[in-house]
Structures are given as structure tokens and as C-alpha cells.
Amino acid sequence: LTRAERLHKRLFSLQPTADPAWEPPIDVLETDRELLIFVALPGVDPDQVVAAIDNGTLIISGQRILPPELRDALIHRLELPQGRFERRIALPPGRYAVSRHASNGCVVLRLSKSA
């Protein structure tokens with residue numbers, strides 16, 4: 001409970017942190033035509049997730065925030081990580097076109113291979 005209270009204070013402070021607080025779990029699958037990356041982000045709007053490729057590394061970042069209803073709630077358990085997240089994934093050499101959609105609590109990034 002003490003840990004949850006500290007987290008609550010940190011999340012609702014006026015000074016956001018630039019450092020990521022957590023890394024979401026991922027699955028990476030590859031076919032002849034694409035890479036599929038499933039990022040477990042329940043409760044995060046896929047349109048608020050940033051995906052960028054920098055020097056052969058896919059960088060996925062964003063933020064999960066507590067819903068406003070929980071600001072005054074007594075928290076009994078807080079297991080889903082909150083705050084800024086970032087995940088870096090080394091990509092096989094190549095050129096990719098990135099698209100995304102949501103599926104069953106995951107943000108799915110489709111990196112289509114181009115010649």
C-alpha cells in the first residue's frame with residue numbers, strides 16, 4: 001500500500017519525468033514480407049503510442065496514466081505499470097513501412113519489408 005501511495009504521488013506530481021519508468025512486454029514475429037510486433041499495452045490508446053526507427057532500432061514509447069476516476073480512489077492493488085514507457089528493438093537490416101492497430105489489449109506494429 002505504501003508503494004502504491006508513492007507511485008500515486010509520483011504519477012500525479014506536476015513534474016513529469018523524461019526517463020521511461022517501464023518497458024512493455026513484446027512478441028516479435030517475422031515472415032518473408034513483414035515483421036509483426038505485439039506490444040502488451042492494455043488501457044493505452046494506440047494513437048498515443050509513438051513508433052520510430054532510428055539507426056536500425058525500433059523505438060516504441062508513450063505513457064499510461066491512471067484514469068481520472070482513480071485520483072480520489074483508495075487503491076487496493078496497482079499491478080499494471082503506469083507512467084512513461086519505452087521499448088527498443090534491434091531490427092534486421094532493411095527498409096520498413098510501419099503501420100499499427102489495436103488487438104486484444106496489444107498495439108500491433110506491422111513493419112512491411114520493402115526492397
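**Talking through the fold**

Modeller: Please keep in mind that this is a predicted model. The chain contains 1 helix and 7 strands, and along the sequence these elements follow the pattern α-β-β-β-β-β-β-β.

Biologist: What share of the residues counts as buried?

Modeller: Of the 115 residues in the chain, 29% count as buried. The chain exposes about 8,100 Å², and carbon and sulfur atoms supply 50% of that area.

Biologist: And what share of the contacts join residues at least 24 apart?

Modeller: If you take the contacts between residues at least 6 apart in sequence, 60% of them join residues at least 24 apart.

Biologist: OK, now the sheets. In what order do the 3 strands of the open sheet come?

Modeller: The order is S3-S4-S5, and the pairing in this open sheet is antiparallel. Strand S3, residues 50-54, and strand S5, residues 83-90, stand at the edges with a single partner strand each, so one side of each has no neighbour in the sheet. From one strand to the next, the twist averages 20°.

Biologist: How many bridges hold S3 and S4 together, and which residues pair up?

Modeller: S3 pairs with strand S4, residues 57-64, over 5 bridges in the antiparallel sense. Alanine 51 stands opposite isoleucine 60 of S4, while isoleucine 53 has leucine 58 in S4 as its bridge partner.

Biologist: What lies between those two strands?

Modeller: S3 and S4 form a hairpin with 2 residues between them, and asparagine 55, which sits in the turn, has a positive phi of about 50°.

Biologist: Is S4 mostly covered or mostly open?

Modeller: S4 is mostly covered, with 6 of its 8 residues buried. On its S5 side, S4 is joined by 8 bridges, and the two strands run antiparallel; threonine 57, for instance, has alanine 90 of S5 as its bridge partner.

Biologist: Which way do side chains point in a regular strand, by the way?

Modeller: As a general rule, side chains in a regular strand alternate between the two faces of the sheet.

Biologist: Fine. What is the strand order in the sheet with 4 strands?

Modeller: That open sheet has the order S1-S2-S7-S6, again with antiparallel pairing. Its edge strands are S1 and strand S6, residues 95-103, each of which pairs on one side only. Neighbouring strands in this sheet are turned by 15° against each other on average, with direction ignored.

Biologist: How many bridges join S6 to S7?

Modeller: There are 9 bridges between S6 and strand S7, residues 106-114, and the two run antiparallel. Within that pair, alanine 97 stands opposite serine 112 of S7.

Biologist: Changing topic, where is glutamate 23 found?

Modeller: Glutamate 23 is found in the loop that runs between helix H1, residues 2-11, and strand S1, residues 26-30.

Biologist: Why does glutamate 23 count as exposed?

Modeller: Its relative accessibility is 55%, and because the cut-off for exposed is over 50%, glutamate 23 falls in that class.

Biologist: Which residues does glutamate 23 touch?

Modeller: Leaving aside residues up to four places away in sequence, glutamate 23 touches Glu86 and Arg87. Both positions fall within S5, which spans 83-90.

Biologist: How far is glutamate 23 from valine 39?

Modeller: The two are 16 residues apart in sequence, and their C-alpha atoms are 9.7 Å apart in space.

Note on methods
Residues numbered from 1 in each chain as written. Predicted model: local features only at pLDDT ≥ 70, side-chain atom pairs only at ≥ 80, totals over all residues. Heavy atoms only, no water. Pairing = 2+ DSSP bridges. Axes fitted to C-alpha atoms, helices over the stretch in contact; angles between N-to-C directions. Buried < 20%, exposed > 50% of the residue type's maximum accessible area, 1.4 Å probe, protein only. Contact = heavy atoms within 4.5 Å. Areas by Shrake-Rupley, 256 points an atom, 1.4 Å probe, with all protein chains shown as cover.
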